[in-house]
Amino acid sequence: MKKIKLLAMASMMILISSCDKKTTPQKIDNKQNKEQNLEKKEPWIGVYEGNLKGYEGSIKVKITLNKNLTYQLLEYYDHKEHANKGKFQWNNNNNSIKLEDGRNFKIVKEGLKMLNENGDEVKIDNASTVLKKIDD
């Protein structure tokens with residue numbers, strides 16, 4: 001009987017001591033995961049380029065959209081480079097952005113499509129209104 005009690009007590013001590021061990025969870029690179037998820041959620045991040053043709057002719061445009069909701073805009077006309085930068089607003093309802101200067105673009109499969117001040121698509125005969133995405 002004493003042997004059974006000793007065996008039971010030894011078993012209990014082994015069981016209890018094994019439960020006290022603390023395990024440290026593996027570290028996961030959360031920053032990298034967050035950045036990857038951010039890019040998946042925000043497909044507009046990147047560089048866009050093209051020639052936008054409007055009512056007054058063609059303008060070469062390059063725009064960079066950053067994940068912190070800022071942009072850099074380069075336009076080439078009158079034989080000069082015109083630079084502009086600022087913040088933009090993202091409209092998740094219609095996948096569009098509005099620059100600080102009032103210009104609107106919609107994210108489309110091909111890139112950024114120019115919109116008018118009301119957020120409607122600009123339609124000009126034989127004119128390009130889309131900037132192609134060239135870099136993420």
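Predicted model: local features only at pLDDT ≥ 70, side-chain atom pairs only at ≥ 80, totals over all residues.

Colleague: How many helices and strands does the protein have?

Modeller: Helices (H or I, at least four residues) and strands (E, at least two) are DSSP runs, numbered from the N terminus. Here there are two helices and eight strands, and along the sequence they follow the pattern α-α-β-β-β-β-β-β-β-β.

Colleague: What share of the residues counts as buried?

Modeller: Buried means under 20% relative accessible area, exposed means over 50%, and partly exposed is in between (1.4 Å probe, protein chains only). Of the 136 residues in this protein, 24% count as buried.

Colleague: Now the charges. What is the idea behind a salt bridge, and how many does a search of the whole structure find?

Modeller: Side chains of opposite charge can pair when their charged atoms come close. The cut-off is a side-chain nitrogen of Lys or Arg within 4 Å of a carboxyl oxygen of Asp or Glu. The search finds two salt bridges. In one of them, the side chains of E75 and R103 meet at 2.5 Å, N to O. E75 lies in strand β3 (residues 70-77) and R103 in the loop between β5 (96-99) and β6 (104-108), so this pair ties together parts that are 28 residues apart in sequence.

Colleague: Which residue does R103 meet in the other salt bridge?

Modeller: That is D101, at 2.9 Å, N to O.

Colleague: Next, the rings. How many aromatic pairs does the structure hold?

Modeller: Rings of Phe, Tyr and Trp (its six-membered ring) pair if their centres lie within 6.5 Å; planes under 30 degrees apart count as stacked, over 60 as edge-to-face and the rest as tilted. This structure holds two aromatic pairs. W44 and F88 form an edge-to-face pair, 5.2 Å centre to centre with 90 degrees between the planes. W44 lies in the loop between α2 (30-41) and β1 (46-54) and F88 in strand β4 (residues 80-91), so the pair ties together parts that are 44 residues apart in sequence. W44 also forms a tilted pair with W90, at 5.7 Å centre to centre and 40 degrees between the planes. W44 and W90, the latter in strand β4, are 46 residues apart.

Colleague: What do W44, F88 and W90 form together?

Modeller: They form one aromatic cluster. W44 is buried at 1% relative accessible area and F88 is buried at 4%, whereas W90 is partly exposed at 25%.

Colleague: Lastly, which ring does the charged end of K60 sit over?

Modeller: A charge sits over a ring if NZ of Lys or CZ of Arg is within 6 Å of the ring centre and within 35 degrees of the ring normal. The charged end of K60 sits over the ring of Y76, 5.5 Å from its centre.

Conventions
Residues numbered from 1 in each chain as written. Heavy atoms only, no water.
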